Amino acid sequence: MKLAILIPAYNEEKTLGAVIKSIPRRYPGISKVEIIVVNDGSIDKTAKIASKANVILIEHDLNRGLGAALGTGFEYARRQKFDFLLTFDADGQHNPDDIWPVLKPILSGKVDIVIGSRLKKIKNMPWYRIIGIMGLNLITLAFFWVWTSDSQSGLRAFSRKAIENIEIKSNKMEVSSEFFNEIQRHNLTLVEIPVKSIYTTYSLTKGQKNSNVFRILSKLIYRRFFSK
Amino acid sequence: MSHWFQKIWYQIWPINPIEALLTIFALFAWSRAILKFRSKIINQKELIFWSFLWLTAIIIVFIPGKTTFLAHLLGMGRGFDAMVFLAIIALFYAVYRLYIKSNEVDQDITQIVRQMALRGGIKKSQGRKVRKIKKK
């Protein structure tokens with residue numbers, strides 16, 4: 001059983017090294033763990049830091065956004081026939097101790113996708129973040145008929161079936177909602193596990209802004225109704 | 001028609017200014033087609049097509065009451081209203097096409113970047129040694 005831990009990184013020199021180091025490499029029932037860093041055209045030392053660590057580094061020549069980086073990671077996992085895939089944010093907002101609880105349901109083989117939901121334990125999340133995420137959850141419900149408490153979480157685990165079926169077309173942050181389109185399309189089973197998010201002033205400058213909602217909305221409308 | 005400019009204009013050239021403008025534009029476009037034909041960018045068939053198109057446009061410009069006819073078809077009072085209405089619809093459609101096109105181009109660029117990354121860019125790094133994984 002091969003596990004890929006996918007870290008999409010764009011200009012994350014400050015946190016990437018520590019994040020890679022903090023991720024445990026051994027899990028029960030998994031023979032091989034590979035950390036894959038997709039460097040999405042960073043202009044800082046992200047690539048250098050990743051190449052010094054013990055990881056597989058995939059480099060985009062141009063910055064294409066989170067969705068594109070995840071898509072590349074999925075494509076690599078498909079080609080290399082990984083059995084499980086876990087996505088982990090490079091900004092250090094996830095607790096490495098949450099990896100195992102998120103991974104466990106996938107290993108049991110009954111679930112296709114596990115989402116580490118940050119909103120099941122709301123503690124220390126800024127209120128404006130909560131509003132933004134709730135808004136996107138409602139949009140996700142309206143568009144894809146899947147209810148989730150945290151559609152924007154970066155900590156997710158995927159089974160082989162999910163890796164094979166999920167086709168990511170979004171380039172930027174709207175990818176988070178796109179996963180639900182794929183869940184609905186391929187009838188994948190979804191489970192949410194509460195995780196803690198570590199919000200630092202650094203990780204808050206990264207990720208989604210509430211004003212992004214309009215862009216995401218327009219892209220989702222396009223994706224849902226107009227794209228081939 | 002009481003404006004002084006129009007009065008002078010009608011002395012010089014007894015057609016509507018907007019008709020004149022459209023005619024000049026059509027003639028200009030037609031001349032471009034002819035130039036393209038001369039420099040062999042388009043062939044004879046295309047030249048005939050464009051000539052036909054622009055000459056009909058000029059003829060249509062001088063048919064009186066056509067916009068009013070259009071307006072009545074759409075259930076509107078004035079011909080000008082109908083023209084603005086149709087123009088806005090045409091613009092919306094153009095924007096919609098552009099939006100779809102730009103999304104497609106965006107996805108194409110991502111595909112290119114992705115294939116390039118997966119073909120040559122993968123490095124399996126171990127400590128300080130960096131060795132390339134063989135190409136797939």
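Buried residues make up 49% of the 228 residues in chain A; a residue is called buried if 20 or more other C-beta atoms lie within 10 Å of its own, exposed if 12 or fewer, and partly exposed in between, with C-beta atoms placed from the backbone. This is a predicted model, in which local features need pLDDT of at least 70 and side-chain atom pairs count only at pLDDT 80 or more, while totals for chains, interfaces and linings use all residues. Residues are numbered from 1 along each chain as its sequence is written, and chains are lettered from A and ligands numbered from 1 in the order in which they are written.

**View 1. The two chains side by side.** Chain A holds nine helices and seven strands, whereas chain B has five helices and two strands. Helices (H or I, at least four residues) and strands (E, at least two) are DSSP runs, numbered from the N terminus. Along its sequence, chain B reads α-α-α-α-α-β-β. Of the 136 residues in chain B, 4% are buried. Two residues are in contact if their C-beta atoms, placed from the backbone, lie within 7 Å. In chain A, 77% of the contacts with a separation of 6 or more involve residues 24 or more positions apart. For chain B, 24% of the contacts between residues at least 6 apart in sequence join residues at least 24 apart.

**View 2. The largest nonpolar core and A:Ile36.** A nonpolar core is a set of buried Ala, Val, Leu, Ile, Met, Phe, Trp, Tyr and Cys residues joined through C-beta atoms within 7 Å. Which members of the largest core touch the most others? Among its 65 residues, they are A:Leu6, A:Ile7, A:Ile36 and A:Leu86. Helix H3 (residues 66-79) of chain A gives this core its largest share, seven residues. Leaving aside neighbours within four places in sequence, A:Ile36 has contacts that include A:Leu6, A:Ile7, A:Val55, A:Gly73 and A:Tyr76.

**View 3. Where H3(A) meets H5(B).** Two packed helices are described by the angle between their axes and the distance between the axes. H3(A) packs against helix H5 (residues 79-120) of chain B at an angle of about 45°, with the axes 10 Å apart. That makes H3(A) oblique to H5(B). Axes here are lines fitted to C-alpha atoms, for helices over the stretch in contact, and angles run from 0 to 180 degrees between N-to-C directions. Angles under 35 degrees count as roughly parallel, over 145 as roughly antiparallel, 65 to 115 as roughly perpendicular and the rest as oblique. The two helices, H3(A) and H5(B), cross in a right-handed way; a crossing is left-handed if the near helix is turned anticlockwise from the far one by less than a right angle, and right-handed if clockwise. On the H3(A) side look for A:Ala68, A:Gly71, A:Thr72, A:Glu75 and A:Tyr76, and on the H5(B) side for B:Thr110, B:Val113, B:Arg114, B:Ala117 and B:Leu118. By class, this contact of H3(A) with H5(B) has five nonpolar, three polar and two charged residues. Ala, Val, Leu, Ile, Met, Phe, Trp, Tyr, Cys and Pro count as nonpolar, Asp, Glu, Lys and Arg as charged, and the others, Gly among them, as polar.

**View 4. H5(A) against H7(A).** Within chain A, helix H5 (residues 127-144) and helix H7 (residues 175-185) pack at about 30°, their axes 10 Å apart. H5(A) is therefore roughly parallel to H7(A), and the crossing of H5(A) with H7(A) is right-handed. A:Leu136, A:Ile139, A:Thr140 and A:Phe144 of H5(A) meet A:Ser177, A:Phe180, A:Asn181 and A:Gln184 of H7(A). This contact of H5(A) with H7(A) has four nonpolar, four polar and no charged residues. H7(A) is mostly covered, with eight of its 11 residues buried, including A:Phe179, A:Phe180 and A:Ile183.

**View 5. A:Asp98 in its loop.** You will find A:Asp98 between strand E4 (84-87) and helix H4 (99-107) of chain A. Is A:Asp98 buried or partly exposed? A:Asp98 counts as partly exposed because it has 18 C-beta neighbours inside 10 Å. Beyond its neighbours within four places in sequence, A:Asp98 is in contact with A:Gly116, A:Leu155, A:Val195 and A:Lys196.

**View 6. Residues with a positive phi.** Most residues other than glycine have a negative phi. A:Asn11, not a glycine, has a positive phi of about 50° and sits in the loop between strand E1 (2-9) and helix H1 (16-22) of chain A. In chain B, B:Lys40 has a phi near 60° and lies in the loop between helix H2 (17-38) and helix H3 (44-61). B:Lys40 counts as exposed because it has 7 C-beta neighbours inside 10 Å.
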